[in-house]
Amino acid sequence: MWHDYFLIDLDMDPAAQDGNGNGAPEDLPPPPPVPPNVTPTKVVEETKKVLRVPMARRGLGTKGNKVPILTNHFKVNVTNVEGQFFHYSVALFYEDGRPVDGKGVGRKVLDRVRDTYDSELGGKEFAYDGEKSLFTVGSLPRNKLEFTVVLEDNTSSRNNGNTSPGRTSPNDSDRKRLRRQFHSKTFKVEISFAAKIPMQAIALALRGQENENSMEALRVLDIILRQNAAKQGCLLVRQSFFHNDPKNFTEVGGGILGCRGFHSSFRATQSGLSLNIDVSTTMIIQPGPVVDFLIANQNVRDPFSVDWAKAKRTLKNLRVSTSPTNQEYKITGLSEKSCKEQLFTLKQRGKDSSEAETTEVTVYDYFVNNRNIDLRYSGDLPCINVGKPKRPTYFPIELCNLVSLQRYTKALSTFQRSSLVEKSRQKPQERMSVLSNALKINNYDAEPMLRACGVSINNSFTQVEGRVLQPPKLKVGNGDDLFCRNGRWNFNNKRFVNSCKIERWAVVNFSAPRVDVPGLVRDLTRVAETKGLTVEEPFDIFNENQQFRRAPALVRVEKMFEEVQSKLPGPPKFLLCLLPERKNCDIYGPWKRKNLSDFGVVTQCLAPGRVNDQYLTNLMLKINAKLGGLNSMLAGEISPSIPVVSKLPTLIMGMDVSHGSPGQSDIPSIAAVVSSRQWPSISRYRACVRTQSPKVEMIDNLYKPVSDTEDDGIVRELLVDFYVSSGKRKPDQIIIFRDGVSESQFNQVLNIELTQIMEACKNLDEKWNPKFVVIVAQKNHHTKFFQPNSPDNVPPGTIIDNKVCHPRNNDFYLCAHAGMIGTTRPTHYHVLYDEIGFSPDDMQELVHSLSYVYQRSTTAISVVAPICYAHLAATQLGQWMKFEDASETSSSHNGSAPGPGGAPAVPPMPTLKESVRNSMFFC
């Protein structure tokens, strides 16, 4: 074997070592002979890769009008800084030695340990994470402790097999079988010392010197908050807690409720440790009768109209309590037959003998005759099965109630989502009042573990200094200025800065015949001409043939295209498409794909409802941008004066990954990268979109070498476009905006994605060394800002980079937009990497300006335009994939090869036609 040549005798005679304990060279055995068919390769010492880490803050910004701002961070004092957290690992076993793998039982078991063995625990309070970790302040009496506890299991007892279901007091024949589960369960608990965490580590975190200890110390404090909520019977979702109070529930349709609760977590900030409390919402299943839930979920009139195959999938693994015993079970399925027909074997002791007699009886007869329970409507409906697949246990459906606080984790429909957003909005003042109450209700000062840590929490909102940046100057047609008021502007009596020509176009109408299409075309032409566009007469209006109205979406699109092709003299440049529904129209995805991928035609969809001049102006914003025009631009682009960016050719990129809905683990994720073009413009973008493995957040096709010289990755495509569109200039500076990553993934962005982008640049030109900036934008956080003594949201342009930001890293919060409804959610920007050397003011001004170049809107937007465009591109092409059959995809352009172990290949994204590839088709 090859490895035999490299075996070294590790048990060398000590005498054969020199005085330094090293083996003397002459005592080493001779090198092994090299076989004739092997050429030795020289060992090249690998230079150790230096890992990039997020950069430190270089200073604070100064521009803008200073304003006092309140934030939902509450100051925390920690007095026990000399103390230590002791970390113990927890292992739970059943009586027979099997490990406990079920979730939820851990807290009950550890609560029983605390109650039963308080003296053995030295009277110590502990924080338990519900799984395998337990923390104390100071040590437990011994490094390893073992306990045995017994849990009464009445609330979640499960009948085993075909016993008499739901029995209140089991007869003798059942009692033996039920004893173990019905009465009690015995658990063995092992608690073993794992590590010490000095509380000084919190002070390190506050100085920005993060290490494993400091992160773990903050995690312990968060675990204490989770445990505090668990004691109150809350549903826990990471650091958000939801009480079982119907006042917090709101219906969003389909048997789903929005449940309002609180997010609560400790954060290390510039001004010290703070507690961040915010309102949080999650989805839960409507508690109460199972039948009521199914009727609402399927939107039917009565239980006899329910689709039971669908119901079975919906109900699986939900928990129910059964009448009249109030015992809790997990649903495993439904019976094949109705309650009146479903038989099971009933075992009863005979009157004259001690032998158990078995009889076949229907579930309905058993409950009506043996249990004297009146069943009103479930006789003809399936039963709920709470047993095992081979040993079912059935209950009539009307005796089953869904337990409260069961999370709903599937994707919401468009209607449900808009209903939830509408019902969970809170004006700033209302939110402040709710948060103040939350702090009082939780009464953290009385939490024993927090007291042991010496933690006290101030109950006032932290005041910070905000600055309101001036909006950038915007230009429209004829060199006119656009004036922004409160982050908004309009195009009344204004022309677009660069208007396109709408020619060789037609209208296709999938909508009902009620729409006056010629009138719509006349109005659209009139509005377009006031904005400076030239509009030719459309070639024709194609109304959908009645016979295809009920056909599948793909068929409808194919038939419409056949008609368009048969009547047009040549390929159109633009198609206006009227859809039957505004939201979730199943024609949208196939139609877009047919136009952009198969024919290279720009298309605009609309669902005519109330069409007025404002609606048509907004439509023209999108059409003009798609056809290569520009609606408005920064004055600093026309006479290049944007700090840093206007001095040297600069490429601005926006990157986002869109994942399938929760529970859809087989749908590919879609990575979209947009990039600026025609420097010194920073208002024009083009997109490159690829599929990748499901649920993978890091973009894996940025650099994709297919040979020694050839790169088929995203970045090369974008770099070449920038070079061609910017007068054959390579970018000297590349600014990357990344959306959708958490703080734990920052290092991956810097060391995986940025490395790929750099490699793509080197592949194009070995001697080319552009400078890079990487900025992450986060919307999914819980920091909010309020104006003191004002019912309004903070003004657009409000920026905060002090007190509540990271103690070391270069981050800031920006509210670029005007929050018209609810409470403004700021965007949290993290500057991870900056080789260019932006000053804080220049960086913040650039980010602010990029919120004003979004071509679809006449408002400043909440996050920079390149990220919004990447999100739009990923979402739109994601619609294509819904109708994409992997076997039909034809593209050598992207997609992944089969994964390890023969995992299915990710279907590639259909490529865009050359004629639309550089357009803003995603607008």
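**A buried strand, the nonpolar cores and aromatic pairs**

Good morning. Both faces of strand β28 are covered: Phe574, Leu576 and Leu578 on one side, and Leu575 and Cys577 on the other, are all buried. Buried here means under 20% relative accessible area, with exposed over 50% and partly exposed in between, using a 1.4 Å probe and protein chains only. Strands (E, at least two residues) and helices (H or I, at least four) are DSSP runs, numbered from the N terminus.

Before I continue, please note that this is a predicted model, in which local features need pLDDT of at least 70 and side-chain atom pairs count only at pLDDT 80 or more, while totals for chains, interfaces and linings use all residues. Residues are numbered from 1 along each chain as its sequence is written, and side-chain values use heavy atoms, leaving out hydrogens and water.

Why is strand β28 largely enclosed by the rest of the structure? Five of the five residues in β28, residues 574-578, are buried, so the rest of the structure largely encloses this strand. In a regular strand, side chains alternate between the two faces of the sheet.

Next, the partners of β28. Two strands pair if DSSP finds at least two bridges between them. Strand β25 (residues 505-509) runs parallel to β28 and is joined to β28 by five bridges; Val507 has Leu576 as its bridge partner. Strand β29 (residues 602-606) also pairs with β28 in the parallel sense, over five bridges, and there Val602 stands opposite Phe574.

I turn to the cores. A nonpolar core is a set of buried Ala, Val, Leu, Ile, Met, Phe, Trp, Tyr and Cys residues joined through side-chain atoms within 4.5 Å. The largest has 88 residues, and Ile735 and Tyr869 have the most contacts inside it. Helix α19 (residues 865-882) supplies the largest share of this core, 11 residues. A second, separate core of 41 residues includes Phe85, Phe266, Ile277 and Ile457.

Beyond its neighbours within four places in sequence, Tyr869 is in contact (heavy atoms within 4.5 Å) with residues including Val674, Met920 and Phe922.

Finally, the aromatic rings. Rings of Phe, Tyr and Trp (its six-membered ring) pair if their centres lie within 6.5 Å; planes under 30 degrees apart count as stacked, over 60 as edge-to-face and the rest as tilted. The structure holds 22 aromatic pairs. In one of them, Phe921 and Phe922 lie edge-to-face, 5.3 Å centre to centre with 75° between the planes. Phe921 is buried at 3% relative accessible area, and Phe922 is buried at 1%.
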